[in-house]
Amino acid sequence: MSTATAKTEPEDVQLAEPDQERLSALLVGQARPLRPSALSASMAFGWRAMLKIKHVPEQLFDVTAFPIMLVLMYTYLFGGALAGSTEEYIQFLLPGIMVMSVVMITMYTGIAVNTDIAKGVFDRFRTLPIWRPSPMVGYLLGDVLRYLLASAVMLAVGMIIGFRPEGGVLGVLAGIALLIVFSFAFSWIWTMFGLLLRSEKSVMGVSMMVIFPLTFLSNVFVDPQTMPGWLQAFVNNSPVTHLATAVRELMAGNWPAADIGWTLGWAGVLMAVFGVVTMRLYNRK
């Protein structure tokens with residue numbers, strides 16, 4: 001005995017007229033969200049960088065404990081030998097050691113970029129309809145907070161142990177502002193290394209090889225006039241020397257136009273060269 005199986009055709013689902021109108025409005029009539037501006041996209045990535053600090057507060061050790069250690073160590077180790085007293089030496093040292101510390105912590109920008117590349121985060125960023133450089137600019141904007149925090153911590157410690165800026169509040173703010181501008185431009189070097197090198201250890205190793213000669217071969221700790229002539233030629237033309245001199249003089253109440261000009265010029269060159277190289281690497285990554 002055979003059994004016949006009847007096949008039933010699926011019935012068309014009919015939507016009510018109001019539902020059809022709403023669906024058509026969603027699929028056809030609704031306008032797309034506006035593309036974010038370059039500024040808003042960069043600020044969003046900057047906020048992302050600050051949220052990472054919130055969730056991993058240990059990242060702030062290099063802008064709190066490390067600067068305090070540097071100020072106290074160099075002041076009390078070398079103050080008596082180089083200036084006769086720690087009170088005299090801190091007036092010369094603090095602006096320079098502030099420059100050294102902030103310039104040194106810029107390398108963590110490259111490490112953060114390299115870490116996100118290793119995790120595949122940048123693959124997602126590149127697919128977003130945003131201004132192409134905004135992830136990089138966002139990293140640097142987020143790190144500006146770190147630079148400000150390190151400067152504030154070092155200034156507070158310096159004031160406690162005897163630093164007295166004759167330039168007052170305006171001189172201090174002008175010096176810190178110049179330091180932040182230069183550090184923002186200097187950080188583009190490390191974004192390039194973060195894209196170019198394979199691991200964060202490589203980024204840190206190369207960064208140390210560049211930063212240590214630049215910061216120590218400068219007028220951060222002593223006057224270059226005591227150095228050999230061949231070394232003076234390098235030190236006097238170092239961007240860190242120009243920056244340290246400008247910050248020191250601004251905090252002392254002076255207006256070092258030449259050193260400010262050199263510092264801003266160096267910042268412009270760094271952004272023009274390494275910013276372009278970074279974006280080319282980022283587009284090809």
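Leu-82 is found in helix H3, which covers residues 61-83, in a model that is predicted. The residue is partly exposed, its relative accessible area being 47%, and together with Met-69, Met-73, Leu-77 and Phe-78 it makes a nonpolar surface patch of about 450 Å².

The protein as a whole contains twelve helices and zero strands, and of its 285 residues 42% count as buried. Ile-105, which has its place in helix H4 (residues 86-105), counts as buried because its relative accessibility is 3%, under the 20% limit that defines the buried class. Although Ile-105 and Val-63 are 42 residues apart in sequence, their C-alpha atoms are 7.6 Å apart in space.

Three salt bridges are found in a search of the whole structure. In one of them the side chains of Arg-48 and Asp-116 meet with an N to O distance of 3.1 Å; Arg-48 belongs to helix H2 and Asp-116 to helix H5, so that this pair ties together parts lying 68 residues apart in sequence. The two partners fall into separate accessibility classes, since Arg-48 counts as partly exposed at 23% relative accessibility, whereas Asp-116 counts as buried at 3%.

Arg-146 takes part in a further contact of this kind, its side chain meeting that of Asp-62 in a salt bridge of 2.6 Å, N to O. Because Arg-146 lies in helix H7 and Asp-62 in helix H3, the pair ties together parts that are 84 residues apart in sequence. Arg-146 also forms a salt bridge with Asp-143, with the closest N and O atoms 3.5 Å apart; here both residues lie in helix H7, three residues apart, or about one turn of the helix. Asp-62, Asp-143 and Arg-146 are thus linked in a network of salt bridges, in which Arg-146 is buried with a relative accessible area of 4%, Asp-143 is buried at 11%, and Asp-62 counts as buried at 12%.

Helix H2 (38-55), helix H5 (107-119) and helix H7 (134-160) each supply at least two residues of the lining, and H5 gives the most, with seven residues. By class, the lining of the largest pocket comprises eight nonpolar, three polar and eight charged residues.

Methods. Residues are numbered from 1 along each chain as its sequence is written. This is a predicted model: local features need pLDDT of at least 70, side-chain atom pairs count only at pLDDT 80 or more; totals for chains, interfaces and linings use all residues. Side-chain values use heavy atoms; hydrogens and water are left out. Patches are made of residues with over 30% relative accessible area and no salt bridge: like charges are joined within 9 Å, nonpolar side chains (Val, Leu, Ile, Met, Phe, Trp, Tyr) within 5 Å. Accessible areas come from the Shrake-Rupley method with a 1.4 Å probe; for residues, only the protein chains shown count as cover. A salt bridge is a side-chain nitrogen of Lys or Arg within 4 Å of a carboxyl oxygen of Asp or Glu. Helices (H or I, at least four residues) and strands (E, at least two) are DSSP runs, numbered from the N terminus. Buried means under 20% relative accessible area, exposed over 50%, partly exposed in between (1.4 Å probe, protein chains only). Ala, Val, Leu, Ile, Met, Phe, Trp, Tyr, Cys and Pro count as nonpolar, Asp, Glu, Lys and Arg as charged, and the others, Gly among them, as polar.
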